Amino acid sequence: MKPAVHREKEIAMAQFAALFRKDNKPVRYLVVDDSVFARKNLIKMIEMFGGEVAGEAGDGLTAIAEFNRTKPDIVLMDITMPQMEGIEAVERIVRQHGEARIVMVSSVGYQENILAALQKGAKHFVQKPVKPEVLYEILRYVLSDDPAAVGAPVAFAGEHRS
Amino acid sequence: MRMELIQPFINAADAVFAESLQAPTKIVDLSMDEETYRRKGVAALIAIKGDIEGRVILDLSPEVALKVASHLAGAELPESEQVVRETVCELANMVIGNSVTLLNDQGFRFKVFPPEIHMNDTGLSGSADTEAMVICLETPCGDVYLNISMHYLHRRRHERDAVHSVG
């Protein structure tokens, strides 16, 4: 008999069709959060969506170095971190790599924070605790690069865009 | 004790644990505490200063913290002080983050300090808060305690503006 957490994981994985890049390769993610616990939680979801973890970072400075090293398809970026906060890291990454797709993931969902991140070049925002179905929809949207989808509303805490 | 200041924290704790564990949670006890705070397990204390001031303590046993961490990681995690510390810290950040977002959107401006984690016998023993609300939340992983002491220091900005314009 498998442990309960393994059974739950299998059931959860079956709920989501794998997300792929346009060349049909798995999507590669850079996960940035100062909490190892939060990173593990996001990595679990990435695996549920059929993705690969290209790298991890615990602060904004390391995130920039890891972005340059791994060239991920998507960055999941916390806001409040030591050394360099997420919004400044977004600005620096986007300045060098205009095509970067960065999704902010934070417990704090102040309108000012969200707007600042979007103005610096982040593509979307999701509030913790992250619901897998909400993150999945956001990733699908961000990966679609569909001009018709530009302007779709940001999903705030508890909201689920269908 | 102003319930309108306490309610966002209760709602946020309920939502964070229910959503994180994908299971319903229940408030099983709610009481006022005028005694020195007595920690039940591993506690994260977060201080708030600004228009409203006070502190929130999230308190849970190491066993409960480990169960929550294992659930969120999707794998049984080994027992370790670091995992427990990280888990309590991140749960506290999520509860506080969600509640201060609501309060901020209501017009309150304040600074939130990073969580202080207390695990050993010396932590939090000297807390002398005069009045706090204690909430016990029943989750599938075990009981979680929230101890909230919060008061107004200033009126909200739009209320201050209204008072000035009348005066």
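**Interface and fold of a predicted two-chain model**

A:Lys71 is partly exposed, with a relative accessible area of 45% (buried means under 20%, exposed over 50%, and partly exposed in between, with a 1.4 Å probe and protein chains only). The model is predicted: local features need pLDDT of at least 70, side-chain atom pairs count only at pLDDT 80 or more, and totals for chains, interfaces and linings use all residues. Residues are numbered from 1 along each chain as its sequence is written, chains are lettered from A and ligands numbered from 1 in the order in which they are written, and side-chain values use heavy atoms, with hydrogens and water left out.

A:Lys71 is not a glycine, yet its phi is positive, at about 45 degrees. The residue sits in the loop between helix H3 (60-70) and strand E3 (74-77) of chain A. Helices (H or I, at least four residues) and strands (E, at least two) are DSSP runs, numbered from the N terminus. A:Gln83 also has a positive phi without being glycine, with a value near 70 degrees. It lies in the loop between E3 and helix H4 (86-96) of chain A. A:Gln83 counts as exposed, at 68% relative accessibility.

Chain A contains six helices and five strands. From the N terminus on, its elements run α-β-α-β-α-β-α-β-α-β-α. Of its 162 residues, 53% count as buried. Contacts (heavy atoms within 4.5 Å) were also sorted by sequence separation. Among those in chain A with a separation of 6 or more, 62% come from residues 24 or more positions apart.

A:Val90 belongs to helix H4 of chain A. This residue is buried, at 0% relative accessibility. Neighbours within four places in sequence aside, A:Val90 is in contact with A:Met77, A:Ile102, A:Met104, A:Ala117, A:Lys120, A:Gly121 and A:Ala122. A:Met77 is 13 residues from A:Val90 along the chain, and their C-alpha atoms are separated by 8.2 Å.

Chain B has four helices and seven strands. Read along the sequence, the pattern is α-β-β-β-α-α-β-β-β-β-α. Buried residues make up 51% of the 167 residues in chain B. Residues 24 or more positions apart account for 74% of the chain B contacts with a separation of 6 or more.

Helix H3 of chain B spans residues 81-105 and has 25 residues. From first C-alpha to last it reaches 36 Å, close to the 36 Å expected at 1.5 Å a residue (the expected span is 1.5 Å times one less than the number of residues). H3(B) is mostly covered, with 18 of its 25 residues buried. B:Gly107 follows the helix and has a positive phi, near 110 degrees.

The two chains meet through 24 residues of chain B in contact with 24 residues of chain A. The area buried between them is about 2,100 Å², and carbon and sulfur atoms give 56% of it. Buried area is the accessible area (1.4 Å probe) that two parts lose on being put together, summed over both. B:Glu19, B:Leu72 and B:Glu90 supply 24% of the area that chain B buries against chain A, more than any other three residues.

The rule finds one salt bridge across the interface of chain B and chain A (a side-chain nitrogen of Lys or Arg within 4 Å of a carboxyl oxygen of Asp or Glu). B:Glu90 forms a salt bridge with A:Lys128, with the closest N and O atoms 2.9 Å apart.

Helix H1 (3-21), helix H2 (62-73) and H3 of chain B are the elements giving two or more residues to the side of chain B that touches chain A. H3(B) gives the most, with 11 residues. By class, this side of chain B divides into nine nonpolar, 10 polar and five charged residues. Ala, Val, Leu, Ile, Met, Phe, Trp, Tyr, Cys and Pro count as nonpolar, Asp, Glu, Lys and Arg as charged, and the others, Gly among them, as polar.

On the chain A side, the peptide bond from A:Lys128 to A:Pro129 is cis, with omega near -5 degrees. A:Pro129 is placed in the loop between strand E5 (124-127) and helix H6 (132-144) of chain A.
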